[in-house]
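Visitor: I would like a close look at one part of this protein, the open sheet and what surrounds it. Please take me through the strands, their order and their pairing with care.

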Amino acid sequence: MKNKIKIGVLTLLCIFAMSCGNGGQNGKVLFESSDKKIKVYESEVNNELEKGLFSNGLTEKDLTPEQITQMKQSIIKNIAINRAIALKGKEQKLNKDKKYTESQNILQEQLLANLAIFNELNDKAKISDQDAKNIYDANAANFTRQEDSVRLQLIVFNTSDSAKANQVLKEAVANPANFTAYAQKYNASIQGVAENGETQEIPLSQLESRFGPLNEAIKNVAAGQIVNSVVTVGNDLYIVKVLEKNAKGLIPFEKVKEAIKTQLRNQKRQAEQQKFIKSITDEYKLSNIDEAIKNIK
């Protein structure tokens, strides 16, 4: 579930519009383009990370180090690409266009409004472990696994790349700690495969029916181990690491606690946001705005 948290955070990283990648351009350089026109600084990456986490009511301790690393890398890409596009806009003198010059105050207001909302929600939408435990105890059936399942990490090749797949398997077995790096390198060109190669939890019956050879290959492989041969499924070749083997039955609370807390937090944030906006519209006499503007053409 923390992966879902991360995705949610990443989608909000640039909600701050023009602020994304435009501040704190000093200190250590984390990325520089080969032509030296684009630089991304550590200070601005850390600032964007802090804002992204803040917007979701999270801190770095709520995510794994690997997830923080992935977020930082995504932020660097976002800033670098935005900066390159902005440079192109300057070349076209769009920074002199009134659509830009006369929009800056509105963009700053949007940023400030977002920060105000997030500040309000973070104070009022906190969820405790006990809140999650109450949901868990009251809905045991929802947290019961109906059959054994697995979670895998895959590196995928086309069948025409058999020699390469076997070479990468040898390297992965010799350097198991680098499996994710191998996955990111080789999966990048394969459509429909997560770049890090990690799957969601897969019921064994589903794995058997759709990917029978994979199901056979992992039967005697323990969690944390790599299958010692390349597995062929249709037109694809798989290098397989078993991440988890899960038995059917009630899932331990600790394993689902963060997922429950995230769902409760999101529900509470939505409710609190509606209440906060209602209070603001009342305080600043905006409750009748629809009526007041209905005749504006």
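Guide: What follows begins with the whole chain and then turns to the sheet.

This is a predicted model, in which local features need pLDDT of at least 70 and side-chain atom pairs count only at pLDDT 80 or more, while totals for chains, interfaces and linings use all residues. Residues are numbered from 1 along each chain as its sequence is written, and side-chain values use heavy atoms, with hydrogens and water left out.

The protein has twelve helices and eight strands, where helices (H or I, at least four residues) and strands (E, at least two) are DSSP runs numbered from the N terminus. Its radius of gyration, taken over C-alpha atoms, is 24 Å, whereas a compact globule of 297 residues would have a value near 19 Å, by a rule of 2.2 Å times the number of residues to the power 0.38. Along the principal axes, the C-alpha atoms fill a box of roughly 70 × 60 × 40 Å. The domain assignment, which is automatic or from a database, gives domain 1 (29-96), domain 2 (129-140 + 253-294) and domain 3 (147-247); between the centres of domain 1 and domain 3, taken over C-alpha atoms, there are 32 Å.

The UniProt annotation "domain: PpiC", from an unreviewed entry, covers residues 147-244; UniProt positions are given here in the numbering of this model, feature names are shortened, and such annotations may be inferred rather than shown by experiment. That span is 36% helix and 24% strand, and its end C-alpha atoms lie 14 Å apart.

Now to the sheet itself, which is open and has four strands in the order β5-β4-β7-β6, with antiparallel pairing. Because β5 and β6 (231-233) stand at the edges with a single partner strand each, one side of each is left without a neighbour in the sheet. Two strands are said to pair if DSSP finds at least two bridges between them. In general, strands of a sheet pair through backbone hydrogen bonds, either parallel or antiparallel.

Strand β4 (residues 149-158) is mostly covered, with nine of its ten residues buried; buried means under 20% relative accessible area, exposed over 50%, and partly exposed in between, with a 1.4 Å probe and protein chains only. For the whole protein, buried residues make up 32% of the 297 residues. β4 pairs with strand β5 (residues 202-203) in the antiparallel sense over two bridges, and there Val-150 stands opposite Ile-202. With strand β7 (residues 236-246), also antiparallel, β4 is joined by ten bridges, and Arg-151 has Glu-244 of β7 as its bridge partner. β7 in turn pairs with β6 in the antiparallel sense over three bridges, where Tyr-238 of β7 is the bridge partner of Val-231.

Asn-215 counts as buried because its relative accessibility is 6%. Leaving aside residues up to four places away in sequence, Asn-215 touches Leu-204, Leu-207 and Glu-208, a contact being heavy atoms within 4.5 Å.

For another antiparallel pair, one may turn to strand β1 (residues 29-32) and strand β2 (residues 39-41), which three bridges join. Val-29 stands opposite Tyr-41 in β2, and in the hairpin of β1 and β2, with six residues between the strands, Lys-36 takes a positive phi near 65°.
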